[in-house]
Amino acid sequence: MDEEDNCDDKVYEPNPDDFQDLNDEDDESNLLGCVRSISTQIKTTRLGVVRCALTQPKGTEDWRRTVIFHTYIKYGDKGCKIIIDSGSCINTVSSGSVSHLGLKSVPHPKPYNVSWVNDTFIAVKERYLFPIKIFDYHDETWCDVIPMDVGHVILGRPWLYDLDVIIFERSNSCSFTFQGKKIQLIGLPPRSNDNS
């Protein structure tokens, strides 16, 4: 504990104005573009069930009770939606982002299938070493390439475990120590569904 108490604190809270998709759903020129680039071939399954968890809850319930932690980082000059999900047993990057940016994925050393809520599954055959840069935290993490439209990258249990990330549900934040510096990420609230 003494080591953590002596750490320099860094808090990352993205400015929503820096990421176009929070303000204008139709202008995606500054985003990675994974939402519309998923193949529509027969037998292709998309992980879209989670998207409902990122919408504004009805009534006066505190949105932090039902929303999965998400934030945005820059990937080059593009906005990249990152979801941090302790319920995901893998790190993933959307196949749309990989193709849109012309990234070079590599064959997965141990291909497998991801099962979903029902009997559908997605074959995982490729992965990509995704670079993450937030303040002094510069790292790379392997992400399996799958078709998804909920975000560009999901950082799941492998990333959380490797960095010993602590998620604070009530403040919608998470923190970890990297090279002696405490990094705190502040999640974003969902976009409002009303047009008022």
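Does Asn172 count as buried or exposed, and at what relative accessibility? At 8% relative accessibility, Asn172 counts as buried, where buried means under 20% relative accessible area, exposed means over 50%, and partly exposed lies in between (1.4 Å probe, protein chains only).

## Basis of the model

This is a predicted model, in which local features need pLDDT of at least 70 and side-chain atom pairs count only at pLDDT 80 or more, while totals for chains, interfaces and linings use all residues. Residues are numbered from 1 along each chain as its sequence is written, and side-chain values use heavy atoms, with hydrogens and water left out.

## Overall make-up

The protein chain contains three helices and eleven strands, where helices (H or I, at least four residues) and strands (E, at least two) are DSSP runs numbered from the N terminus. Along the sequence these elements follow the pattern α-β-β-β-β-α-β-β-β-β-α-β-β-β. Of the 196 residues in the protein chain, 41% are buried.

## The sheet and the hairpin

Seven strands form an open sheet in the order 2-3-8-4-7-6-5, with mixed pairing; two strands pair if DSSP finds at least two bridges between them. The edge strands are strand 2 and strand 5 (106-115), each of which pairs on one side only. From one strand to the next the twist averages 40 degrees, with axes taken as lines fitted to C-alpha atoms (for helices over the stretch in contact) and angles running from 0 to 180 degrees between N-to-C directions. Within this order, strand 4 (residues 92-94) and strand 8 (residues 153-155) pair in the antiparallel sense over two bridges, and Thr92 stands opposite Ile154 in strand 8.

Strand 10 (residues 173-178) and strand 11 (residues 181-186) run antiparallel and are joined by six bridges, with Ser173 standing opposite Ile186 in strand 11. The hairpin of these two strands has two residues between them.

## Residues in the loops

Most residues other than glycine have a negative phi, and most peptide bonds are trans. Asn172, in the loop between strand 9 (166-168) and strand 10, has a positive phi of about 50 degrees although it is not a glycine. Gln179, in the loop between strand 10 and strand 11, also has a positive phi of about 50 degrees without being a glycine; Gln179 is exposed, with a relative accessible area of 68%.

Asp62 is placed in the loop between strand 1 (8-12) and strand 2, and at 31% relative accessibility Asp62 counts as partly exposed. Although Asp62 and Arg170 are 108 residues apart in sequence, their C-alpha atoms are 9.4 Å apart in space.

## Interior space and cysteines

There is one cavity of 30 Å³ or more, a cavity being a set of points, on a 1 Å grid over the protein atoms alone, where a 1.4 Å probe fits but cannot get out. The largest cavity holds about 50 Å³ of space, a volume being the space filled by probe spheres set on the points, which are joined across faces, edges and corners. Its lining residues, which have an atom within 4 Å of a point, include Thr71, Ile73, Trp159 and Leu185. Strand 2 (70-75), strand 3 (78-84) and strand 6 (121-134) each supply at least two residues of this lining.

The count of disulfides is zero, a disulfide being a pair of cysteine sulfur atoms within 2.5 Å. Cys80 is buried, with a relative accessible area of 0%, and Cys174 is buried, with a relative accessible area of 0%.

Conventions:
On a 1 Å grid over the protein atoms alone, a cavity is a set of points where a 1.4 Å probe fits but cannot get out, and a pocket is an open set with protein on both sides within 12 Å along at least five of seven lines; lining residues have an atom within 4 Å of a point.
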